[in-house]
Every structure is written in C-alpha cells, then in structure tokens.
Amino acid sequence: MLTLALFGAMMIFTSCGGSSDEVTMTEGLITKVKETQKDLFKITDESTTPNVADSRIIATYLDGKTEEFTLEEAKLVDASDTTSRRGRIRSTVMGGVMGYYMGRAMSSPTRASSYANKAAQTKSSIAKSKVSSSAIKGGKSGFGKGRSGRSFGG
Amino acid sequence: MERVVQEDLSVDKRIIPIVSPSEKYFKTNGWEWFLGGGEWTYLGDHLIGLSRMEAMEYIRAADDLYRIFEEGVQYVIDNNLWMDLGIHPNLVEQIRFSWTHRERHQHLYGRFDFAGGINGQPVKLLEFNADTPTTIPETAFIQREQMIHTKLGNNQFNTLFDDLVATFERLGKANPGKSRTVLFTSMGHEEDEINARTMMRAAEAANFEVDYEPLEDVIFSADDGIFVEEDNGEATRYDFWFKLVPWEYISHEEPELMDILNKLVLNGKVTILNPAYSLVMQSKALMKYLYDLHPNHPHLLKTSFEAPSRNARTKYVEKVLFGREGENVTIYDENNFSMDKRDGNYGKYDKIYQDYAELPNVNGITYYQPMVYWTGNPSAISFRKRDSLIMDEDSEFIGHLLT
C-alpha cells in the first residue's frame with residue numbers, strides 16, 4: 001500500500017497495486033469563496049485545519065453576509081444544479097483543492113477560473129508530496145555512486 | 001607552440017582591473033570554492049570591456065542560433081540521425097516525447113560558446129552547452145558584484161537570474177496539474193552543486209518548493225516517482241527533477257536509471273530539466289547538420305565528420321561529440337600539425353572536425369572565449385580565459401563591462 005500525503009499532510013492517497021486510487025483525508029480544508037459579481041463565486045483562500053470534520057466552505061456574498069457549509073453539506077448539493085446559489089458555490093469549489101475532497105480525480109488539476117486571482121491558486125499548487133519511504137514501489141538509489149570526483153558541467 | 005597574433009581580435013586595451021569582492025561575500029553565499037586555493041585561481045582580476053554594439057552582436061547571434069538549433073532537433077527526429085549524434089537508443093523515445101510536448105517539457109537554459117565578435121569580427125559558434133551548462137553563479141552574480149564593488153557603475157548585459165526565475169514561472173504555468181516541487185541534483189562535485197543550488201534559488205523565487213540531493217541519494221521508482229528520504233521514515237516526492245547530470249552519462253553509464261526515467265517521463269509522473277531533447281542540441285554532431293542546412297550562415301563554422309584533407313590547408317579543431325572542459329580536443333594548423341591538444345576521458349565518443357575560429361586574445365598568448373546564456377532569450381554575457389587556445393578545467397572566469 002502506498003500512502004501519499006498531498007498539500008502538506010492533507011490527504012492520504014492510497015493505492016493497493018491496482019490502477020484505481022482512492023483518496024482519504026488526513027487534514028481538513030477551509031475554502032473561502034467570495035461572490036465577486038452577482039451569482040459569480042471565486043475562491044479567495046484555501047487553508048488546512050487539523051481535523052477533516054472541521055472542513056468547511058465560507059462564502060461571502062455581495063451584500064457582505066457570510067454563510068458556512070460543512071463538507072458533507074457541500075457534497076449533498078446536486079452536482080447538476082448550477083442555478084441555485086449553493087450549486088454555483090459547489091461548482092466553484094470543485095475547481096479548487098476542495099474538489100479533491102468531493103471526489104474529483106487527483107490527476108485533474110485545479111482550475112484557474114475557480115480562483116479570484118493567481119496568488120490564491122498558486123498557494124494551493126505549492127504542495128509537497130510525502131510518502132512512507134518503505135512503501136515506495138521498487139525504489140532504487142545509489143546511481144552514480146563513486147563517480148563524483150569531477151565536474152559534469154559544461 | 002606557434003603564437004598566432006591577430007590584431008583585429010585583440011582585447012589588450014579592454015582590460016578593466018577590478019577589486020575582488022570580499023571573502024565574506026563568497027562565504028555568505030556558500031561560494032568559497034570560487035576563491036580557489038594554493039596556486040589555483042578561478043576568478044580573474046579584471047573585466048573585459050565590450051561596446052554595446054559588440055554585445056548586441058553576441059546577443060543577436062544567440063537569438064538567431066537558438067532558432068536554428070530548434071530546427072535542427074526537428075531535422076534529427078525526422079531523419080532518425082541518432083547514431084550520427086552519438087545518442088543511445090534508450091533515450092530516443094523520451095527525446096521524441098519531450099520534444100512533442102516541449103510546451104510542458106521546457107528547455108530551461110543553455111549557454112552558447114563563441115569565438116570572434118571583437119572589433120567588428122564575425123561571431124562564430126564553437127558549441128552550444130544545452131544540457132548541463134555551469135558558470136551560472138559567476139555569470140549571474142559574481143561578475144555583477146565585481147563591477148559594483150569596483151564602483152564601475154551598472155553596465156552589464158546580465159539579466160540571468162531574473163530570467164531563470166521567469167523560466168521557472170513559465171514552467172509552473174505550463175504544468176498546472178503538477179505540484180510546484182523541484183528536486184535539484186548533481187554528482188557531488190562542489191562546482192556542480194553550487195550551480196545546481198543557484199538554479200534552486202531561482203526556482204524558489206518562482207514559488208517552487210525545492211531541495212538539493214546528490215544523485216546517489218535520490219530514490220527513483222518507475223511506478224511512483226522521484227523521492228528524497230527524510231529522517232522520519234517518510235520520503236518527499238518531487239514532480240520536477242533538475243539534474244546537473246548529463247543525459248549521455250545516464251543513457252550510457254546508468255541504463256537502469258535511464259529505463260526508470262523513461263517510464264516516469266512517458267507516464268507523466270516527472271518532468272526533467274533540462275529535457276531529453278536538450279541532448280540533441282548538446283551533441284556536437286548537430287553542428288554538422290546545421291552547417292549542411294545553412295552553409296552560408298554567418299555564425300556557423302564548417303563542421304564535418306571527416307578531417308579536412310592536407311591539401312585544404314585549413315586550420316581545424318577535432319572534438320568529441322560529448323566532451324567537457326576542453327578534454328579530447330586537438331587544434332590543427334594549416335599543415336596538419338597540432339597547435340594545442342588535451343587528452344581526456346571522453347575518447348570513446350565519435351569526433352567532429354570544425355573549422356578553426358580565433359578567440360579574442362592578448363598578444364596571441366592569453367585567450368578569451370565569449371559565452372552567452374540562453375533562457376528562452378539571451379540573458380547574459382561572460383568570458384572564460386586561458387593562456388592557451390583550448391579552454392580547459394584551469395580556465396578562469398572573466399566578467400564583462402559595457403563601455
């Protein structure tokens with residue numbers, strides 16, 4: 001079994017030798033979205049929180065009011081609903097890191113159009129992947145050993 | 001050795017003495033290696049003055065030649081010239097793949113080595129270091145520090161570091177599905193590590209998470225990716241791998257690693273810098289085909305797989321396809337006598353024969369070889385200096401000043 005923690009130590013990515021991978025969260029995520037113009041939502045910030053159960057979406061509307069949804073509430077919104085406010089928020093956060101929590105494939109990158117600006121997306125894309133070293137399949141090292149006495153630059 | 005004095009390539013009136021930056025400057029940056037030791041000195045005690053017009057000629061030549069090298073890569077691929085270029089069959093598929101997807105597999109940087117270019121003499125290409133060029137910190141930072149420390153103003157053609165940051169930013173944008181994590185690797189020689197770590201600074205400035213690890217300590221898994229083991233039993237995986245390890249070394253000397261890298265790149269698990277197609281540009285045999293395609297090109301020297309006949313009475317240079325630091329190079333005069341020669345460890349590679357081109361020099365004794373860094377555009381000029389025609393591992397680094 002391969003265990004990968006992505007976005008810091010946020011997700012456990014499990015693979016049991018097959019091609020289908022499942023994602024399990026080890027940390028929670030708080031995604032802030034803002035209604036930048038009527039019915040248009042953008043992600044302004046994504047940050048981790050220790051417990052998955054504390055994951056939530058904080059929406060700020062044009063009138064300044066805010067509303068919070070848990071991850072479970074967000075998942076329950078009908079994916080095909082693009083007309084309601086919650087449906088639009090769901091669609092936006094699906095394009096961000098929260099999308100991985102809601103079932104989007106890990107191979108699918110975040111969408112620039114979901115973010116309010118480049119900095120917000122860059123923050124989410126800076127991510128180290130960690131793995132238990134004993135779980136690396138067929139990992140080999142020691143290449144080039146003993147050949148370090150000379151420069152290989154040009 | 002017969003001394004060849006060419007007045008029109010003389011730089012003796014362009015020597016601009018400098019005051020060396022302080023030892024603290026080098027120590028602060030982790031660059032004590034540049035200070036040398038014993039009788040060995042690496043950093044010259046002067047800059048070379050260049051007019052803006054001369055600098056522009058070098059810049060234009062690099063700009064022009066890079067497009068021709070790109071054309072050359074396509075020509076090699078279309079005509080399967082791998083054997084002629086000395087490229088091992090185990091690298092071919094990755095070269096084709098990285099070239100087809102070069103928007104994602106970007107060529108980060110390279111360095112053109114020139115002759116000529118002074119006093120209105122034509123700029124001539126000696127070779128293009130497209131895979132693992134060094135002299136990055138000297139060119140990007142030290143020559144600038146030498147200029148400023150000597151209070152010579154701020155007149156250099158040198159945007160190398162900023163341009164390297166920009167190349168990493170472009171790389172990140174072109175690979176939106178990958179995490180911005182890049183591992184830097186060299187084979188342990190201090191000079192190479194310093195160069196790799198300077199590239200690491202550029203990536204860090206472009207918001208990549210970075211680390212350095214010598215090649216022998218990097219974990220390669222054909223299934224899972226490229227990793228560095230941490231102290232806590234975990235390993236960190238990197239989506240990008242910068243290797244100051246030549247492709248021809250990996251393909252010829254480490255075929256098992258080559259096989260793993262092929263799988264990782266072709267399966268989209270890792271992006272390697274410089275990409276595999278940079279080896280096509282690095283092979284000196286490419287210059288033979290470039291010359292065949294552009295025989296009248298102002299910056300290309302006639303290059304062949306056969307030495308010129310004695311009757312041709314031509315000065316020429318014999319080089320191996322993949323050689324470094326002047327090793328396995330011989331320069332012949334019109335009578336086919338050796339003017340300068342270096343033995344070396346690269347004799348197993350095939351050879352090319354290139355027309356000789358004169359370097360800028362002082363009295364035909366001290367020679368200066370101009371270099372132009374390429375990062376998607378020309379980024380900096382600097383020089384190597386040696387009291388011989390061949391620039392070898394004892395060459396000094398010399399900065400420049402626009403006058």
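**Salt bridges, an interface and a helix crossing**

Colleague: How many salt bridges does a search of the whole structure find?

Modeller: Over all chains, the search turns up 23 of them. This is a predicted model: local features need pLDDT of at least 70, side-chain atom pairs count only at pLDDT 80 or more, and totals for chains, interfaces and linings use all residues. Residues are numbered from 1 along each chain as its sequence is written, chains are lettered from A and ligands numbered from 1 in the order in which they are written, and side-chain values use heavy atoms, with hydrogens and water left out.

Colleague: Why is the pair Asp39(A) and Arg88(A) called a salt bridge?

Modeller: Their closest N and O atoms are 3.3 Å apart, and the term asks for a side-chain nitrogen of Lys or Arg within 4 Å of a carboxyl oxygen of Asp or Glu, so the pair qualifies.

Colleague: What parts does that pair tie together?

Modeller: Asp39(A) sits in the loop between strand 4 (28-37) and strand 5 (40-49) of chain A, while Arg88(A) belongs to helix 2 (residues 85-94) of chain A, so parts 49 residues apart in sequence are tied together. Helices (H or I, at least four residues) and strands (E, at least two) are DSSP runs, numbered from the N terminus.

Colleague: How many salt bridges are counted between chain A and chain B?

Modeller: The count there is 1. Lys140(A) and Glu256(B) meet through their side chains, at 2.4 Å from N to O.

Colleague: What makes up the contact between chain A and chain B?

Modeller: 34 residues of chain A touch 51 residues of chain B, contact being heavy atoms within 4.5 Å. The area buried between them is about 3600 Å², and carbon and sulfur atoms give 51% of that. Buried area is the accessible area (1.4 Å probe) that two parts lose on being put together, summed over both. On the chain A side, Phe143(A), Phe152(A) and Gly154(A) lose the most area to chain B, together 22% of what that side buries.

Colleague: Why are helix 4 and helix 6 of chain B called oblique to each other?

Modeller: The axes of helix 4 (residues 136-149) and helix 6 (residues 190-205) of chain B come within 8 Å and cross at roughly 60 degrees. Under 35 degrees is roughly parallel, over 145 roughly antiparallel, 65 to 115 roughly perpendicular and the rest oblique, so this pair counts as oblique.

Colleague: Which residues of helix 4 of chain B make the contact?

Modeller: Ile136(B), Pro137(B), Glu138(B) and Phe141(B) do, against partners in helix 6 of chain B including Ile194(B) and Met199(B).

Note on methods: Axes are lines fitted to C-alpha atoms, for helices over the stretch in contact, and angles run from 0 to 180 degrees between N-to-C directions.
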